[in-house]
Every structure is written in structure tokens, then in C-alpha cells.
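Hello,

Please open it and keep it beside you as you read.

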Amino acid sequence: MSGLRKAPKLSFDNIKTLSSQAFFLAATHVAGVISFGAGAISFTHILKATEPVWSALILALGFKEFLPLPVYLSLVPIMAGVGLASSKELSFTWLSFTAGTISAVTSATKAILSKKVLDGKPMGENLTPANMFAVLTILGFLMILPASLLIEGPSAISAAYTASLAAGHTRAELARLLGASGFLYYLYNEVAFLALSEVAPVTHAVANTVKRVVIIIASVLVFRNPVSQLGAIGSAIAILGAMGYSVAKSKCKPKPKAD
């Protein structure tokens, strides 16, 4: 409608093909929001930092695509660091842990399946990475809409809105915060899809891990989320593991796909 980009033209079969990616996109966001609500922002991002490990595992088990041994070994510190950070996390809850882990797994799956489409035969017309994310967002929204209305219907939304006003927020402030949050979150995910079109899924996941360091640090500084000493050490180990992956990946060629 705006004319800023050409609208994608897809057949019903194209929509069916993209439905699995849309489901995992929606599951990633829903599980992530649940984890954020049940624990600290920093803890959720520590859990989501395991995404490179899940990407490597799904590629190996589901698609018989294997990475060189040094690359797999570089993923071990990531898991170890997350384990340390989780063991003494001051805001630990099983709901946050479970939802955060599910979000990491579904995010890895979504990236792999989306990459297969982006690297495969052209689908429909004008299905650029940016347009693909838009289509997946719309499909994912339609998938979770019935459950959203059932669990958090108009009455729940009205109650939350009234509570926010009672807490001192103005209508203009709420509209501004919700609008900015939605726009920036969409923009961030669209840029992530642009990056995914240029790199391998595991590399994309490792880049996400590095990004999470900034978020973890910001959540500690801005929201004053408590982090234990062991949690800080574990986070640092996970980040060093991500850096080690980058070095190992640059020096090793991937193994050919098994027959």
C-alpha cells in the first residue's frame, strides 16, 4: 500500500510451505514473552544464547548436515556457561527456564527452515527476506489469535490497561511505549531475516548470542536485575564460546552432506 516495497504474490501451496516457519516464529515469540514474565530479562537471554547448539543439533539430526569437530567443540563453552549462569540465577523459576529453552529451540528451527526457503527455488513473486518475515508474522499472528482471545480476551486486556493507568501511566505514554516497542521489535526481526539470508543458520545463531550480551548488560544496568557472581562468570564463558565458534568456523570447512 505504501509503495516502499513490492508486495509478495504467493499461491496457496506457497502459504502451506511457509506455515511451519510461521508456527515456529510464533512459538519463539510466545515462549520468549512467557519466560520474560516469569524471570529476569537477563536470565531469558542467557537461555536463548544456547540457540547455536540447538541449530547444530537440529541440522545434524534432522537434515544430516554436519559441522567440523572443532566447530562442535566451540559450542561446549556456550552450554557450560549457560549451565553455570542458570545454576545460581537469583531470579530462577522453572517456568522461565522451560519457556526460555523452548524459545531457543523454536528459534533455531525457524531459522533453519527459513534458510532452506531463502536458499531454495524462488517462491511466488517478490518474496524477499523482508517480505518473507512480514508473511510469517501475519501467518503466526493468525495461528495464535484464537488461543490469545481465549486466554487473554478483551476483559483481561481492559483490566491490564486500567491497572497501567492506575499505576500513573497516561494513555499517550502507553500508546507511545507500545508503538515504539512494536516497531523496534519488528524492525529488529526483519533485519535478522536479512542477515539470515546471507549466512548459515548456526552462524546466525552465534551472532544472536553476541547480541544478547548487550541486552544482558543493559538489563542489569537499566533494570537493576540481580546477577550472581557465578551467573556473571557463566555469561562470560558463554560469550567467549561464541567468539571461539567464529574462529573455528572461519578456519574449518564444513563436512559434505551425508548420503
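Predicted model: local features only at pLDDT ≥ 70, side-chain atom pairs only at ≥ 80, totals over all residues.

Residues are numbered from 1 along each chain as its sequence is written, and side-chain values use heavy atoms, leaving out hydrogens and water.

The protein has ten helices and zero strands (DSSP runs of H or I with at least four residues, and of E with at least two, numbered from the N terminus). Of its 259 residues, 38% are buried (under 20% relative accessible area, with a 1.4 Å probe and protein chains only).

Now to helix α2, residues 41-48. Seven of its eight residues are buried, so α2 is largely enclosed by the rest of the structure. Those buried are Ser 42, Phe 43, Thr 44, His 45, Ile 46, Leu 47 and Lys 48.

Helix α2 packs against helix α5 (residues 94-119) at an angle of about 40°, with the axes 8 Å apart (axes are lines fitted to C-alpha atoms over the stretch in contact, and angles run from 0 to 180 degrees between N-to-C directions).

Which residues of α2 meet α5? Phe 43, Thr 44, Leu 47 and Lys 48 do, and their partners in α5 include Phe 97, Gly 100 and Ala 104 (contact means heavy atoms within 4.5 Å).

Best wishes

Conventions
Buried < 20%, exposed > 50% of the residue type's maximum accessible area, 1.4 Å probe, protein only.
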